[in-house]
Amino acid sequence: MKTFYILFILLIIGIIGAGCTANESSEQYEINHAGTGSDVATHVADTIKYEVQKTEEEWRSILTDDEYDILRDRGTELPYVNEYYNSKKEGIYYCGACGQPLFSSEHKYSSGTGWPSYWKPIKPSAVGEREDNSFFMTRTEIVCSRCGSHIGHVFDDGPEPTGLRYCMNSAALDFVEMDLSNTDTQNLSNLDKNKTK
Ligand SMILES: [Zn+2]
């Protein structure tokens with residue numbers, strides 16, 4: 001019975017650690033983004049210099065412990081008990097660290113995984129990708145292209161038209177409710193004015 005209990009605990013830890021993998025196959029994904037020129041998603045290496053640069057001490061001073069764990073320590077929050085997974089409100093999801101607009105409610109859908117999921121970012125250039133080989137699997141990590149903070153992962157089991165599932169952490173995002181019918185969501189600098197961070 002004790003052995004069973006230990007195995008159960010290890011299983012739970014594994015599920016939480018892996019995160020966002022409910023529908024994932026073990027294949028390595030080739031993510032192809034639509035778009036041309038500067039609108040193409042940037043492949044972000046660890047060595048890249050981001051527009052927003054802060055020391056980890058500075059990030060700790062402006063983020064809550066939960067935010068820091070996800071955004072800077074690449075953690076994964078629990079499914080179904082996070083803030084936005086089930087939200088259907090209209091508005092923009094910003095990077096919780098630097099305030100860059102990352103996702104729109106127009107591209108959000110119910111993936112059934114317990115994490116907020118989108119079939120594309122608000123603009124391909126808003127996010128960067130990084131190979132993540134943790135937990136004995138290869139996944140594609142999604143980071144904010146302006147500050148390099150970890151937001152979640154992308155998988156290729158999403159809905160049409162992209163077939164992608166951007167599986168994000170609520171704690172890495174700040175939501176601002178707004179009427180998008182009269183908003184130019186492709187003008188990121190314009191959207192940034194709504195942000196106070
Ligand atoms: Zn950011």
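Biologist: Is Phe135 buried, partly exposed or exposed?
Modeller: A residue is buried if 20 or more other C-beta atoms lie within 10 Å of its own, exposed if 12 or fewer, and partly exposed in between, with C-beta atoms placed from the backbone. Phe135 has 13 other C-beta atoms within 10 Å, so Phe135 is partly exposed.

Biologist: What kind of model is this, and how are residues numbered?
Modeller: It is a predicted model, in which local features need pLDDT of at least 70, side-chain atom pairs count only at pLDDT 80 or more, and totals for chains, interfaces and linings use all residues. Residues are numbered along each chain as its sequence is written, from 1.

Biologist: What is the average pLDDT of the protein, and over which residues is pLDDT below 50?
Modeller: pLDDT is the predictor's confidence in each residue, from 0 to 100. The protein averages 82, and 72% of the residues score at least 70. The stretch with pLDDT below 50 is residues 22–44.

Biologist: How many helices and strands are there in the protein?
Modeller: Helices (H or I, at least four residues) and strands (E, at least two) are DSSP runs, numbered from the N terminus. From that end the elements run α-β-α-α-β-β-β-β-β-β-β-β-β-α. The count is 4 helices and 10 strands.

Biologist: In which loop is Phe135, and what is its phi?
Modeller: Phe135 is in the loop between β6 (127–132) and β7 (139–144). Phe135 is not a glycine, yet its phi is positive, at about 55°.

Biologist: Is Tyr80 buried or exposed?
Modeller: Tyr80 is in the loop between α3 and β2, and has a positive phi of about 70° although it is not a glycine. Because Tyr80 has 9 C-beta neighbours inside 10 Å, it counts as exposed.

Biologist: How far apart in space are Arg74 and Ile151?
Modeller: Arg74 is in the loop between α3 (65–71) and β2 (91–95). With 18 C-beta neighbours inside 10 Å, Arg74 counts as partly exposed. Arg74 and Ile151 are 77 residues apart in sequence, and their C-alpha to C-alpha distance is 7.8 Å.

Biologist: Which residue does a cis peptide bond join to Glu160?
Modeller: The bond has an omega of about 10°. The residue sits in the loop between β8 (150–155) and β9 (165–168). The partner of Glu160 is Pro161.

Biologist: Which residue in β9 is the bridge partner of Phe155?
Modeller: Two strands pair if DSSP finds at least two bridges between them. β8 and β9 run antiparallel and are joined by 4 bridges. In β9, Phe155 is partnered by Arg165.

Biologist: Which residue in β9 stands opposite Tyr118?
Modeller: Strand β5 (residues 117–118) pairs with β9 in the antiparallel sense over 2 bridges. Arg165 and Cys167 point one way from β9, Tyr166 and Met168 point the other way, and all are buried. Opposite Tyr118 stands Tyr166.

Biologist: Which residue in β3 is the bridge partner of Tyr93?
Modeller: β2 and β3 run antiparallel, joined by 3 bridges. The partner of Tyr93 in β3 is Phe103.

Conventions. Two residues are in contact if their C-beta atoms, placed from the backbone, lie within 7 Å.
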